[in-house]
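Take a look at the display first, and then we can go through it together.

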Amino acid sequence: MSKQVLWVGCVILSAMAVSVSASAEEKPTVSVDVFGDGNLTVPGDFKPVAPKSGLIAHEFQASTGDGKEGQTARVTMMAAGGDVKANIDRWKNQFAGGDEKDQKTEEMKIGQWQVYLVDVAGNYAERMGGGPFAGGKVVNRENYAMTGAILVHPDGKKYFVKMIGPADVVKANRKTFETMIKSIGQ
C-alpha cells in the first residue's frame, strides 16, 4: 500500500467518528460532523471510500447487496454555496427523460436545519473532469438516479449530500439515505 493511499485513509478516518453498534448482525455506523453543529449518521451499509475529487469531504459507496459487480452508487458529502433553487435546478438539468413520478423535491425542517430532498431519474450527463461549472468530457449514463439533499444551517451555510448511480441501486437505498439525512436533527 502506498504512503499516499495510507495517508488518505488516515485523513478520512480522522475526520469521522466511528461508533460500533451493539448487535453483531449490524454493521458499524459512521458519524460525519456538519459545520460543528450537527452530525449525519451514515449507515454501516454505506462503505467509506476515498473521495474521487478534492471538493468532496466524504465519500461512500451504496450497493444493493445482491453481488452485482460494479453496481454501486456514489454517496458524496461536501460544504457548498449558491442559491438552493439554482442548485436543485442544476441537479435536475443533469438528467433527461425518466418517469415523472421519480422527479420530486421535498422541503422539510429537521431540528434547526432547513432541508431540501431532491429525487431525479433518467439519463445522467456525468461530467468527467472540469468540475460542475466548467468543461470536461460528458458521459451519458442511462437509467441512473439521484437522491440529493441540501442542508441549510440557520447561518445560511449549505451542506450537500448526494447519492448518484444506477437507478435500481439508488432506489434500493432511498429510505436509508433519507434516514441518514434526518439524523442531522438528533
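Where is the place of Ser183? Ser183 sits in the segment after α4 (174–182). Please keep in mind that this is a predicted model.

## Around Ser183

With a relative accessible area of 5%, Ser183 is buried, because the limit for that label is under 20%. Its side chain has a polar atom 2.8 Å from the backbone nitrogen of Thr41. Leaving aside residues up to four places away in sequence, Ser183 touches Asn39, Leu40 and Thr41.

Is Ile88 buried or exposed? Its relative accessibility is 8%, so Ile88 counts as buried.

Which residues does Ile88 touch, not counting those up to four places away in sequence? They are Thr105, Tyr116, Val118 and Ile150. Take Thr105 from that list: 17 residues separate Ile88 and Thr105 in sequence, and their C-alpha atoms are 8.5 Å apart in space.

## Strand β6 and its partners

Strand β6 (residues 72–80) runs antiparallel to strand β5 (residues 58–63), and six bridges join the two. Within this pairing, His58 has Met77 in β6 as its bridge partner.

Strand β6 is also joined to strand β11 (residues 158–166), again antiparallel, by seven bridges. Here you can look for Ala79, whose bridge partner in β11 is Tyr159.

## Aromatic pairs

How many aromatic pairs does the count come to? The count comes to five. One of them is edge-to-face: the rings of Phe35 and Tyr159 have centres 5.7 Å apart and planes at 85 degrees. Phe35 lies in the loop between β2 (29–33) and β3 (39–42) and Tyr159 in strand β11, so this pair ties together parts that are 124 residues apart in sequence. Phe35 is partly exposed at 27% relative accessibility, whereas Tyr159 is buried at 4%.

The rings of Trp91 and Phe160 also form an edge-to-face pair, with centres 5.3 Å apart and planes at 85 degrees. Why does this pair tie together parts that are 69 residues apart in sequence? Because Trp91 lies in helix α2 and Phe160 in strand β11. Trp91 is buried at 0% relative accessibility, and Phe160 is buried too, with a relative accessible area of 6%.

Finally, Phe35 and Tyr159 belong with Trp113 to one aromatic cluster.

Terms used: Residues are numbered from 1 along each chain as its sequence is written. This is a predicted model: local features need pLDDT of at least 70, side-chain atom pairs count only at pLDDT 80 or more; totals for chains, interfaces and linings use all residues. Side-chain values use heavy atoms; hydrogens and water are left out. Helices (H or I, at least four residues) and strands (E, at least two) are DSSP runs, numbered from the N terminus. Buried means under 20% relative accessible area, exposed over 50%, partly exposed in between (1.4 Å probe, protein chains only). A polar contact is a pair of N or O atoms within 3.5 Å; within protein, one must be able to donate a hydrogen and the other to accept it, and residues adjacent in sequence count only if both atoms are side-chain atoms. Contact means heavy atoms within 4.5 Å. Two strands pair if DSSP finds at least two bridges between them. Rings of Phe, Tyr and Trp (its six-membered ring) pair if their centres lie within 6.5 Å; planes under 30 degrees apart count as stacked, over 60 as edge-to-face and the rest as tilted.
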